[in-house]
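User: I am new to reading protein structures. Could you walk me through this one, feature by feature?

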Amino acid sequence: MSLKGKASANSSAKHIENHWPPYPPPKETDLDKALRVEEEREARRVSDAIDRELESERQAVRRRQKEETRLLLLGQSESGKSTMLKNFQLAFTPKALQAESDAWRAVIHLNLVRSVNFIIDLLSNTVAPHSTPYGSSYHPHGSGRTQQHSNAGDTSPTVTSFTHHHRMSATPQPSAEIRRYKLALSPLRQVEMILAKQLSVHDAGSSRGSIPNALSSGRASEVSVRGGRGWKSLLRRRAYEDLPTTNYPEELENARQILDACRADIVSLWASSSVQLGLSEEGVALQEQSGFFLDQAERIADIEYEPTFDDILKARLQTIGVEEHRLVMETAAETGQQWVFYDVGGARGQRASWVPFFDDVNAIIFLCSTAGFNEVLLEDRTVNRLLDSFNLWKTVCTSKLLGSTQFILLLNKTDILEARLKSGIQFSSYVKSYKEGNDLPHVIEYLRKKFIAMHHHHSPQPRQLHVHSTCAVDIDTTLAVLMRIRDAILVTNLIATDML
């Protein structure tokens, strides 16, 4: 047979093989035909049933998506995303938030204990400290150092190298007072281990960082929970179930008793003038960091302590990956409606996980820490946080997947920004193009115009942008902002469904 004949035969055989229903086999008897037809009929019935089920599921997903409001929280690590989410819970689902108080009490206790252990480690392992705040020496510009310029134009900050000055002594000689605190508060090491284990669900990636790493960053180390692990539900379940693999209720009760027994020494540690002097010389401002509770130690370390909403807002627990939060509204106007929040990790290495969530969200809520103008990234201590926020905002605005998505920008942590400006830190020393007064209204207006201009220039198509300045730990002022955000999103949803 010729090559052309073979090709024709192969083509015909392939056509017969792919044909449905298949052609009758040769020499088929009447019985064989009856059986074959019945099998084909059954196969068609099953196939049709699967198609109907798949279509039903697709319709259910579409209906659910129409009934849900989906919001994506974006921003750097520690920009206030999780705190803003807690504000939403407080405003619209307060009963659900209250039900999580046991879990948040463990987080708050861990924040407190880690601050204590950090202070003792820091003042036991350093000599002759003369570093600047945040564990880094920050040189705004000049001095012959290599500079990094933003490609956003002359309105971007100029960042130079950061040189860490913290020095560890080869043979540290802590004072007698620090040695006494170290001995008296040594049981808090066990408390830290218990709480970290329960909250991190034995996740090795969430364990406490090494002492040198914590000290070099000028802040207490923190436990990180992975999105989707349901740590709050786990704590509630362990509190009421007798799980053979864990001794959680007894362990947690022991931790609370130890903390209560150490309460007077914790209060004394923070009130000590020599401790405050040591922290000042190290350039560490714990009171400006997330999860700071040392000024409330008398109340929080008490065995009868119950978290307030203010405490829950201030609690710090780092999210790794993406965590989905479904809020079933409890307020009269929205009772029963579901708002789905995607809280994503903001560290540089986690930002790739954002993209899959760009599709099919009702709004992006982007948070910028306005206090970051004189801070650096923990992941890269040569990068200014404000500059990184500008670049991150540009990247998000440029995304075509978000071309028609409503944007909400929150200029957050205005309380810390105002305190730094009042203390004499010059905003213009870190942002070359800034020429106005060193006060909160002028700085916020500059940032607002900068972000709006970048949004306008880099957006693939015109879309809505709402800008608010916030202090996420101020419940009353944040509530007013949340109400405006809710109204803007609801109006957009009504327009999208042709109901307005």
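Predicted model: local features only at pLDDT ≥ 70, side-chain atom pairs only at ≥ 80, totals over all residues.

User: How many helices and strands does the protein have?

Analyst: Helices (H or I, at least four residues) and strands (E, at least two) are DSSP runs, numbered from the N terminus. Here there are 18 helices and twelve strands.

User: What share of the residues is buried?

Analyst: Buried means under 20% relative accessible area, exposed means over 50%, and partly exposed is in between (1.4 Å probe, protein chains only). Of the 500 residues in this protein, 47% are buried.

User: At what angle do the axes of H6 and H11 cross?

Analyst: Axes are lines fitted to C-alpha atoms, for helices over the stretch in contact, and angles run from 0 to 180 degrees between N-to-C directions. Under 35 degrees counts as roughly parallel, over 145 as roughly antiparallel, 65 to 115 as roughly perpendicular, and the rest as oblique. H6 (residues 176–184) and H11 (residues 263–271) cross at roughly 150°, with axes that come within 10 Å. The two helices are therefore roughly antiparallel.

User: Which residues of H6 and H11 meet?

Analyst: Contact means heavy atoms within 4.5 Å. From H6 come Arg180, Tyr181 and Ala184; from H11 come Asp265, Ser268 and Leu269. Sort them by class: Ala, Val, Leu, Ile, Met, Phe, Trp, Tyr, Cys and Pro count as nonpolar, Asp, Glu, Lys and Arg as charged, and the others, Gly among them, as polar. This contact of H6 with H11 has three nonpolar, one polar and two charged residues.

User: How are H5 and H11 placed to each other?

Analyst: The axes of H5 and H11 come within 11 Å and cross at roughly 55°. That angle makes H5 and H11 oblique to each other. H5 brings Leu112, Val116 and Ile119, and H11 brings Ile266, Leu269 and Trp270. By class, the contact of H5 with H11 has six nonpolar, no polar and no charged residues.

User: Which residues of H12 are buried?

Analyst: In H12 (residues 273–282), they are Val275, Gly278, Leu279 and Glu282. To see how they are arranged, look down the axis; the arc is that of the directions from the helix axis to the C-beta atoms. The buried residues of H12 fall within an arc of 95°, so they line one face. The face turned away from this buried side carries the exposed residues Ser273 and Ser280. Among the elements covering the buried residues of H12 are H5 (101–124), H6 and H11.

User: Are Glu78 and Lys413 buried or exposed?

Analyst: Glu78 is buried, with a relative accessible area of 12%. Lys413 is buried, at 17%.

Definitions and conventions:
Residues numbered from 1 in each chain as written. Heavy atoms only, no water.
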